[in-house]
Amino acid sequence: MHLEQYRATFAPELPQALSQLERAVFVPRKRGSTDKEIARLFPRTQEQDSLDVVVQALQGTSFSRTIQKVGVVFSGGQAPGGHNVIAGLYDALQKIAPTSVLLGFLGGPSGILEKRYLEIEKELLQKYRNQGGFDLIGSGRTKLESAADLAASLEVCSTLDLDGLVIIGGDDSNTNAALLAEYFLEHGCKTSVVGVPKTIDGDLQSEEIPISFGFDTATKIYAELIGNIGKDALSAKKYYHFIRLMGRSASHVALECALKTHPNLTLLSEECWEKKRSLSEVVEEITTLIEKRGEKGLFYGVLLIPEGLLEFLPEMQSLIQAINEILAGKGTVPASLPRPLAYLFDSLPEKIQQQLLLDRDPHGNVQVSKIETEALLITLVQRRLEEKGLFEGTFRPVSHFLGYEGRAGYPSNFDANYCYSLGTIAALLIRGSHSGYMATCRSLHLDTQKWEPKAIPITMLMQMERRKGKDKPVIRKALVDFSSAGYQSFAAKREAWKWEDDYQMPGPLQLFGPSDLVNIKPISLRQS
C-alpha cells in the first residue's frame, strides 16, 4: 500500500464539543470594539458577537435553515491540510442535511466569477482526505474587492442558490470574505460567507486564533531540512549556510524553526524594526559572528533569515514604499526617488535592484519572495570581511530558500485534526445563518478533545492599511510577540547557539507511530 493510500484511512479526531452536531449550538460572547472606519465600512457585520460552540439539549429548538447547497473555494497559496477542511465540511453537511450538495469552485476565487465548479462527492473526496496540496479544486490569487467582482459573485451565488460559501485563505482572502459577507447582506442574499484561517506564515492569529492551519506542517518540513543542513555544516566544517524562510510580514516560521533546530543566528524582522536597525548593522552583526567563530577555528555556520526582513529595516522599508508609490503612479526608478533613497538604491547589488523593480503583487507591494535577501547579505558580508582583511578564502557561503517545499506536504496529525474541525465549524455557521465569521478553535495546546471550537467576526481582526496608494480595510498581520513563551525561550538560548554548535535534527514529519512523536505541537503555539 502506498503512503497516500494509507494516509487516506486516517480518521481525524474532533473536539468533544463537535462530537454531536445535533446538539452543538453557538452561544454569543461579547466582542471587543471595532475601528471607527471599519465600523463605517461594515455596518451590517461589525457589531456581531463572538460565538462559542457548546453542547446542550436542543429541546425542540429548530435551526434557521435547512442546508441545500454550499460552495467552497481555496484562495491564495497552498497550506497543508486544506483538503481536510473540505472533508470536515462535507462530512458535517452530510450529518446535518444528508441531501445537501457541496460545490468546489475551480482555480480559486476566479472560479466564482466565472462560475466554474465541480460537485464534490464522497468517492471523489476519499482520495484527497489527509493529503497535501490544493489539487482537488485548485487555488488562485484573484481578489474579490471591486464593485464588479462583488456584483458578479452575488449573481453566481444567487443563481446557484447557495446557502453558504466557505473561503479558505489567509488574511487577504478573509478580508475578501468580509467584503462579500457585507455586500451579500446589503443586497438581501441568503448565502452565508464563512472564512477559514490558512497560511503557513502563521501571521493570521490573535487571542482567538492561536495559529493558522498549515504552519505546524510547514515548519516541521523546514526544520527537517535545516537540521540536515546543520549536520552537514558540522561534518564539512567549511560552509556558512544562509537559509531564507517564508514569512513576508512576520518571523513566526523562522522563530519556530530556530526553536526546533538551534542555528547559530536567526534574524527576526520584528526585532530589526523594534531596534530601528539599518542594513549595514545587520551585515555587521553577521560579520562579527563569522569573525568571532573564526577566532575559535570555526569557519562554518547556519543562519536563518525571514523572507520579509528587508521591509522591516526602516531605511529599506522607506525605499520599498517609495518604489511602490512611484510604480503605482507610472513613474521611473531611481530617477523619481528622493536623494537619500536613490543613494541607498544605488548601493545595492544590481541583481537586488532589479528584483526590487519586479511586477508588484495584486496589492501593489513588492514580491519579497523573489528578492534573494540571503544573496544580498552574502554579498555585503563578503564585502565587509574583505574590508576588514579577515579570513581570506575561508568564507564559503551557500544560499538556500526554503519555501514551496513546505506548502503542500502531507498535513501533520495536528493540522489534519485542526482542519477537519474548522470545516465542521464552518458547516455549523452556515446551518445557523451566520455570515462574516471566521471558524477557529482555542486551547490548541491541549489534547484535541479539549479544543474549544468557536467563531469570531472577521471585522474583529481588521484595520485600515495603505495599499496601492489608497487606504483599504485589511486583516492586520500578527507579528512575533516578544512577551510570548516561544520568543522568551529563544531569547534565553540564542547567545549560546552562536558558539556552541547545538544543531538539532528533528527528523522527518511523523504521521504515525508513538503518540509523543505524532502529536508534537508547534513550540511557539499561542496558548489561548
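This tour moves through paired strands and then through salt bridges, naming at each stop what to select.

The model is predicted, so local features need pLDDT of at least 70 and side-chain atom pairs count only at pLDDT 80 or more, while totals for chains, interfaces and linings use all residues. Residues are numbered from 1 along each chain as its sequence is written, and side-chain values use heavy atoms, with hydrogens and water left out.

**Strands**

Begin by selecting residues 24-29, strand β1, together with residues 50-55, strand β2, which pair in the antiparallel sense over six bridges. Strands here are DSSP runs of E of at least two residues, helices are runs of H or I of at least four, and both are numbered from the N terminus; two strands count as paired if DSSP finds at least two bridges between them. Within this pairing, proline 28 stands opposite leucine 51 of β2.

**Salt bridges**

Side chains of opposite charge can pair when their charged atoms come close. A salt bridge is counted when a side-chain nitrogen of Lys or Arg lies within 4 Å of a carboxyl oxygen of Asp or Glu, and a search of the whole structure finds 28 of them.

Select lysine 477 and aspartate 203 next, whose side chains meet in a salt bridge at 3.8 Å, N to O. The pair links distant parts of the chain, 274 residues apart, with lysine 477 in the loop between β15 (470-475) and α17 (485-499) and aspartate 203 in the loop between β7 (192-197) and α8 (215-236). Buried means under 20% relative accessible area, exposed over 50%, and partly exposed in between (1.4 Å probe, protein chains only); lysine 477, at 28%, is therefore partly exposed, whereas aspartate 203, at 2%, is buried.

Move to helix α9 (residues 252-261), where lysine 260 and glutamate 256 lie four residues apart, about one turn of the helix. Their side chains meet in a salt bridge at 3.1 Å, N to O, and both residues are buried.

Then select glutamate 284 and arginine 384, which form a salt bridge with the closest N and O atoms 2.8 Å apart. Because glutamate 284 lies in helix α11 (residues 279-295) and arginine 384 in helix α15 (residues 373-387), the pair ties together parts that are 100 residues apart in sequence. Glutamate 284 is partly exposed at 26% relative accessibility, and arginine 384 is partly exposed with a relative accessible area of 26%.

Finish by selecting Arg29, Asp52, Glu208, Arg442, Glu452 and Lys454, which salt bridges with shared partners join into one network.
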